[in-house]
Amino acid sequence: MQFTASSEQRSLCTSLRPHVRRSCCIRVPSDIIHDPDPSIYDQLLVFNSGGAPTFNSPDINTVDVWPLRPIDNLTATVRNLSPDCSANQTRVDLTWSAWGIGMPRSPIASSYVDLARAGFAGSEQTLSWPLPPALKAAGRYGIFVNLIHPYDRNPNNNSGEQTIDGYQTSTGRSHTFIVPVRNPTSTVQTIALSVLPAPIVPWVTVVPASVTLGAGAQQNVMVSITVPAAVPPSPPGTLISASVDVLATMGGNYLGGVDLAILIDA
């Protein structure tokens, strides 16, 4: 007598059949995966979000004022934005460049930091490194901080810089800065320079406002600032009265920039 299984019986047999795994890994539902989010003030992120980045980073300290001079210890404040996962063993890479935009970078140090979850003590920490003699001799420089974690949920808030110079109006209301601009790519590029923020734009002239440079080539740009006579001196104890940011782009894409701080003290 031949037995014919019903569709319900065949379905039951199939469900009881041993499952053959193609991998030893078990898929974890995405809603229970918790990754860290180490971060720092990131100029590229601000630019890509439509904002006006400043190159006097609120998270990096590289100079003393006034007069503006190298600081004995460079510092950077980093934080973990993840509310559900610590960011232990986050690597913090510190590099520097000569004063300017798009200049070659050289390593200074790498450090590791353990960051607690956001909202808990230790989720934000400040690291410090002694100023290398080469930077003290240079007087002006750019400092770059890059955060690295293998499970970082957002790699778009990991790179920050501070490249700053400045002047006091007690030495004159007008001042011209020479800013080297370099093409760091392997092809000819046209680099456009713009001034931020909007209220400061009438004070500033950039000559030339764009440069076309071959691979690795650089050119000096003159940034002239005149603080209007109608702008009164700042109250005593003011560290910085105004800040001019010069932003460089290539084909509309972010390249970098410098910050020019002003103390209106006369």
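V207 belongs to strand 11, which covers residues 204-207 (strands are DSSP runs of E with at least two residues and helices are runs of H or I with at least four, numbered from the N terminus). The model is predicted, so that local features need pLDDT of at least 70 and side-chain atom pairs count only at pLDDT 80 or more, whereas totals for chains, interfaces and linings use all residues. Residues are numbered from 1 along each chain as its sequence is written, and side-chain values use heavy atoms, with hydrogens and water left out.

**Around V207**
- V207 is partly exposed, because its relative accessible area is 42% (buried means under 20%, exposed over 50% and partly exposed in between, with a 1.4 Å probe and protein chains only).
- Together with I178 and M222, V207 makes a nonpolar surface patch of about 240 Å² (patch residues have over 30% relative accessible area and no salt bridge, and nonpolar side chains are joined within 5 Å; a salt bridge is a side-chain nitrogen of Lys or Arg within 4 Å of a carboxyl oxygen of Asp or Glu).
- The peptide bond from V207 to P208 is cis, with omega near -5 degrees, and P208 is found in the loop between strand 11 and strand 12.

**Other backbone features**
- Most residues other than glycine have a negative phi, and most peptide bonds are trans.
- A cis peptide bond also leads from V65 to W66, with omega near -20 degrees, and W66 is found in the loop between strand 2 (60-64) and strand 3 (69-80).
- Q89, in strand 4, has a positive phi of about 55 degrees although it is not a glycine, and Q89 counts as partly exposed at 47% relative accessibility.
- G214 is placed in the loop between strand 12 (210-213) and strand 13 (218-226), and its C-alpha is 4.3 Å from that of V188, although the two are 26 residues apart in sequence.

**The largest pocket**
- The largest pocket has a volume of about 300 Å³ (a pocket is an open set of points on a 1 Å grid where a 1.4 Å probe fits, with protein on both sides within 12 Å along at least five of seven lines, and lining residues have an atom within 4 Å of a point).
- Of the 19 residues that line the largest pocket, D42, L44, R105, S159 and G160 are the closest to its centre.
- Helix 2 (43-48) gives the largest share of this lining, four residues.

Key:
Grid points are joined across faces, edges and corners, and a volume is the space filled by probe spheres set on the points. Patches are made of residues with over 30% relative accessible area and no salt bridge: like charges are joined within 9 Å, nonpolar side chains (Val, Leu, Ile, Met, Phe, Trp, Tyr) within 5 Å. Accessible areas come from the Shrake-Rupley method with a 1.4 Å probe; for residues, only the protein chains shown count as cover.
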